[in-house]
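Open the model in your viewer and keep the selection tool at hand. The stops below say what to select next and what is there.

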Amino acid sequence: MKAGRIIMIVGNGGIPAGSGALIDAADVVIRFNDCRSIGAGGTKTDIVAVCNTGRPARAMLDGDGWTASEGVRQAREIWSVRDSEKFAEMRPELARTHPDLDDFCDDYTAGFERFSRETRRMHRVIPAAVHEQVDRDLARFAPEPYVVPSSGMIVIADVLAGFAGRNDDVVLAGFDHVGWEWHPFAAERQLVGVLAAEGRLRRLSSLPSADLLEEA
């Protein structure tokens, strides 16, 4: 195994049985939105990546359920996955192609910034360039028409683009590549497979003990 950090990116899909303790032992654990992975996926949370536009963002910021959740209380950083200017540019085209998504580009970044500032957490917005590179990378797999890549795919790309050092191990758990119909999940699965084959990341195995970190 490399001598650097283990960075666990934990999606909200299925988690291999018995792997919670291993996830908690990682140097950095990144979870998403309401951190539904907590439980079977351990409890440690260093970073919460949030969908900062549309209905998911509004739901998280309304009331105090999200801010009081275990994952958010632990996190030292909040990452907003969607660049405000990019999503503002997308609004006119989406109004034409997906009129039912009229609030999809509504921007709540300021709310996450304010929460982070008031609770002395770091807040950052993942650059639009990461999103655009993911679109280019997915194109090789000829995806069906989609609206945006998933937050998970954007965070994976962002971590590989600079957050992870050369000797760090990037490990995925809870990525079933299924969900909202307008994410290109089939292409994302293929892209993650290529990244694993190149040795840039691993998937958490279903095997017990140390074998959980065997190469994908």
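Select Val81, Arg82, Phe87, His131, Val148, Pro149 and Ile154, which line the largest cavity. On a 1 Å grid over the protein atoms alone, a cavity is a set of points where a 1.4 Å probe fits but cannot get out, and lining residues have an atom within 4 Å of a point. This is a predicted model: local features need pLDDT of at least 70, side-chain atom pairs count only at pLDDT 80 or more, and totals for chains, interfaces and linings use all residues. Residues are numbered from 1 along each chain as its sequence is written, and side-chain values use heavy atoms, with hydrogens and water left out.

The volume of the largest cavity is about 40 Å³, where a volume is the space filled by probe spheres set on the grid points, joined across faces, edges and corners. Across the whole structure, the search finds 1 cavity of 30 Å³ or more. Its lining has 5 nonpolar, 1 polar and 1 charged residues. In this count Ala, Val, Leu, Ile, Met, Phe, Trp, Tyr, Cys and Pro are nonpolar, Asp, Glu, Lys and Arg are charged, and the others, Gly among them, are polar.

Next, show the core. Which residues have the most contacts inside the largest nonpolar core? They are Ile9, Ile30, Trp79, Val155, Ile156, Val159 and Leu201, in a core of 30 residues. Helix 7 gives the largest share of this core, 6 residues. Among the other elements that supply at least two residues each are strand 1 (6–10), strand 2 (28–32) and helix 6 (128–139). A nonpolar core is a set of buried Ala, Val, Leu, Ile, Met, Phe, Trp, Tyr and Cys residues joined through side-chain atoms within 4.5 Å. Buried means under 20% relative accessible area, exposed over 50%, and partly exposed in between (1.4 Å probe, protein chains only). Helices (H or I, at least four residues) and strands (E, at least two) are DSSP runs, numbered from the N terminus.

Now turn to charged pairs. The whole structure has 13 salt bridges, each a side-chain nitrogen of Lys or Arg within 4 Å of a carboxyl oxygen of Asp or Glu.

- Select arginine 124 and aspartate 158: their closest N and O atoms are 2.7 Å apart. Arginine 124 is in strand 5 (residues 122–125) and aspartate 158 in helix 7 (residues 151–163), 34 residues apart, and the pair links distant parts of the chain. Aspartate 158 is buried at 6% relative accessible area.
- Select arginine 91 and aspartate 106, whose side chains meet in a salt bridge of 3.1 Å, N to O. Arginine 91 lies in helix 4 (residues 84–97) and aspartate 106 in the loop between helix 4 and helix 5 (109–118), so the pair ties together parts 15 residues apart in sequence.
- Select aspartate 24 and arginine 31, a salt bridge with its closest N and O atoms 4.0 Å apart. Arginine 31 is buried, at 0%, while aspartate 24 is partly exposed, at 27%.
- Select Lys44, Asp46, Arg76 and Glu77, which are linked in a network of salt bridges.

Finish at two polar contacts, that is, pairs of N or O atoms within 3.5 Å; within protein, one must be able to donate a hydrogen and the other to accept it, and residues adjacent in sequence count only if both atoms are side-chain atoms. Glutamate 93, found in helix 4, has a side-chain contact of 2.5 Å with arginine 96. Aspartate 103 sits in the loop between helix 4 and helix 5, and its side chain contacts that of arginine 55 at 3.0 Å. Aspartate 103 counts as buried, at 12% relative accessibility.

Technical notes:
1 Å grid on protein atoms, 1.4 Å probe; cavity = no way out; pocket = protein on both sides within 12 Å on 5 of 7 lines; lining within 4 Å.
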